[in-house]
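Please look at the structure shown here.

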Amino acid sequence: MASSPENNASLSAPKVARSESSQAKKSQHAEEAIFYMNCRAAYLTVLKSSLENIKSKEQLSLVLQQAGRNPSQKTVNKYWTSQTTTLNFDDFCAILKKEKPATKTELLEAFGKIDTDNTGYILHDELYKILTMRGEKMTRDEVSAITKHAGFNCSGKLDYNKFCDLYMTTSEQCCKTAREKLEVNSRLKQQQFGNQSEISSEGITPPVSKPSPRISTKTDHKLPPTKGESRTPSRPSSAQSCKASISTTISMGASSSRNTKLIEPDAMKEWQCAQSKGCFYLEEDGEIISHKYRLHLPQRSTVCITIRPLNIRQVEGKSCLWLSVDTALYILKESETQENLQLVSFTEQRNKEMFGWKGELGSGSYWLLPFTTGCRLQKVKTQTTGEAKLVYRDEDGELALTKEFRAALLDIFETIDLDGNGLLSLEEYNFFELRTSGEKCDEEAWAVCKENFDMKKNELTRQGFMDLNLMEANDREGDPSDLWVTLLSLGYNKALEMTEACPFVIDIYAEKCKPRIKAIYLESGSWQLNRAICKSVVNKGEAKVMDGFENIIVYTYKGGRRITSVIENKSENKVIIHVNNEQSKNCLSSRGLTVFAIEVAPKSMMVSQHVMPLNEQEEWLYNCVHSLVR
């Protein structure tokens, strides 16, 4: 029987849909093929082989430039911290996926904020002022190299349209040269890159993410893998595929008013004290960074070390969310090499929101590593309505800071004034600069600040800090864009509420000597912290061996306010563990999920999750099943 046109159309529709889907997939594969080809080309311009790792911050910057990026120091510092020793090819690909190359439109928009009259030019004097005093500060020689270039300068002005054209051309030429080199050298072209095999563009698949540990693992086989070594949490295809499981149930009472042993005796009032403030900051990807400290004791002494959220101003009608964030300190004894820090203890005794540890420490230096589980300090999903006003013009037409913005700046000053003396030293100010711009302020720039802003004893006053921000507003003719960059990087939302940061204060009391504490770094949780957490759970937690798989052990630590589980894999092969919290009640997991799966590398251990009560005024039940998938 002949089919009708309507029937033919209905029959062909699925074919057309499948064809379009196939074409879309082919297009996606082709884009991925081009991306990884460019990654390879850039990598091999600097390194001899994909098996060779990036070994320095300068090398990372150079490889990124060969890939057509122009990384700022803040960007490089984001991926190369003080704990990083190497990055492999897969790490490099992951960075390029996050760091998109600047477009000409974006560059012109940035210059347009300076050229408010839309002339197409920027005076060299104005350019010098901006490039040497704001953002990633350049030297005089570096600025001179730009202003002396004949291609886009004339009569003391920069033609930024021509500058952008040259910038884009240079960036594209870097990528083109790298690709041509790869094409010419067939040996390199056929080489394997990380987990990526050389296959046709139609069948190409991106390499499986397998970042290298960014720390040395020469001596410790139980070093927990870094965050990047666990796969994205997901449900396994079937719960029936699990080979064995361990179930842990812990019933916890209401803990909102519970104190556990940390009672400061009256005698401690006579002890000598040192104090430092700091802050946990939440990154865009959910990672948490904080200050890291070195403690020095000139002689053996009984000490009491405490940490608590910093209680700054209370604004009527606004909740201080950070006051409910859990805080802890891990105390590590410094040895000859930083790779072999020894865990002493951590602050598990509690007095309301304060956590502390009391014991005897020998003379010498120690590291204090602040920690929060991330259960309470997480990305805020609710969007604020409207945007707070930061500046306005007074009756004389002069720019001024709004009352709300001044209050926020006072809070920021209180947080970054680490020693609490009411002044900002260059060292303290540089932690602020590193967080907000990724750059440090050198002695020369600090001298300029001293000439223009109120200082005492070579330290910036509160008024000087206010005036510095007002100058920034004036530099942009009242445009608050840069001010918002600063506020957002410090954990504020558009309603000027601190929702993605938690300032804290550390106190050290010593009975027989004067303790000294100093902030050294501002960075994400180091491998030292991860190892300390795992070791503390192994030492103080309950161990359960998986039936039939004696090399898989789950440790569970129960504190007054949190439960932490650690998985140890003693076998020679990686394992995938399925974690199920569906039967838990009134619980909040640091993973943000009730069901997920994690991959544990061979001969290693890693944190499975941290769990806290959703409502501390109610009882909570921890019921977790760890199952071996494969």
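Q: Why is Lys457 called exposed?
A: In this predicted model, Lys457 has a relative accessible area of 81%. Exposed means over 50%, buried under 20%, and partly exposed in between, with a 1.4 Å probe and protein chains only. At 81%, Lys457 therefore counts as exposed.

Q: Where is Lys457 found?
A: Lys457 is in the loop between β16 (455–456) and β17 (459–460). Strands (E, at least two residues) and helices (H or I, at least four) are DSSP runs, numbered from the N terminus. Residues are numbered from 1 along each chain as its sequence is written, local features need pLDDT of at least 70, side-chain atom pairs count only at pLDDT 80 or more, and totals for chains, interfaces and linings use all residues. Side-chain values use heavy atoms, with hydrogens and water left out.

Q: What makes the phi of Lys457 worth a remark?
A: The phi of Lys457 is near 55 degrees, which is positive in a residue other than glycine. Most residues other than glycine have a negative phi. Lys603 also has a phi near 55 degrees.

Q: Why does Lys603 count as partly exposed?
A: Its relative accessibility is 39%, so Lys603 falls in the partly exposed class. Lys603 is found in the loop between β25 (595–600) and β26 (604–613).

Q: What makes β25 mostly covered?
A: Six of the six residues of β25 are buried. Val595, Ala597 and Glu599 point one way, Phe596, Ile598 and Val600 point the other way, and all are buried. In a regular strand the side chains alternate between the two faces of the sheet.

Q: How do you know that β23 and β25 pair?
A: Two strands pair if DSSP finds at least two bridges between them. Strand β23 (residues 575–580) and β25 are joined by six bridges and run antiparallel. Within this pairing, Val579 has Phe596 of β25 as its bridge partner.

Q: Why are β4 and β25 called edge strands?
A: Four strands form an open sheet in the order β4-β27-β23-β25, with antiparallel pairing. β4 (244–252) and β25 each pair on one side only, and they are the edge strands. From one strand to the next, the twist averages 20 degrees; axes are lines fitted to C-alpha atoms, for helices over the stretch in contact, and angles run from 0 to 180 degrees between N-to-C directions. Nine bridges join β4 to strand β27 (residues 620–628) in the antiparallel sense, and Ile246 stands opposite His626 in β27.

Q: Why is the pair of Tyr43 and Phe89 called edge-to-face?
A: The structure holds 14 aromatic pairs. For Tyr43 and Phe89, the ring centres are 5.1 Å apart and the planes stand at 85 degrees, so the pair is edge-to-face. Rings of Phe, Tyr and Trp (its six-membered ring) pair if their centres lie within 6.5 Å; planes under 30 degrees apart count as stacked, over 60 as edge-to-face and the rest as tilted.

Q: What makes this pair a tie between parts apart in sequence?
A: Tyr43 belongs to helix α1 (residues 5–46) and Phe89 to helix α4 (residues 89–98), so the pair ties together parts that are 46 residues apart in sequence. Tyr43 is buried at 0% relative accessibility, and Phe89 is buried at 1%.

Q: Why is the pair of Tyr330 and Phe346 called stacked?
A: The planes of Tyr330 and Phe346 are 15 degrees apart, with 5.2 Å centre to centre, and the pair is stacked. Tyr330 lies in strand β9 (residues 328–333) and Phe346 in strand β10 (residues 342–346), so parts 16 residues apart in sequence are tied together. Tyr330 is buried at 0%, as is Phe346 at 3%.

Q: How do you know that Lys157 lies over the face of Tyr121?
A: A charge sits over a ring if NZ of Lys or CZ of Arg is within 6 Å of the ring centre and within 35 degrees of the ring normal. Lys157 lies over the face of Tyr121, at 4.6 Å from the ring centre.

Q: Why are the buried residues of α7 said to line one face?
A: The buried residues of helix α7 (residues 140–147) are Val143, Ile146 and Thr147. Down the axis of α7 they fall within an arc of 95 degrees, so they line one face of the helix. The arc is that of the directions from the helix axis to the C-beta atoms.
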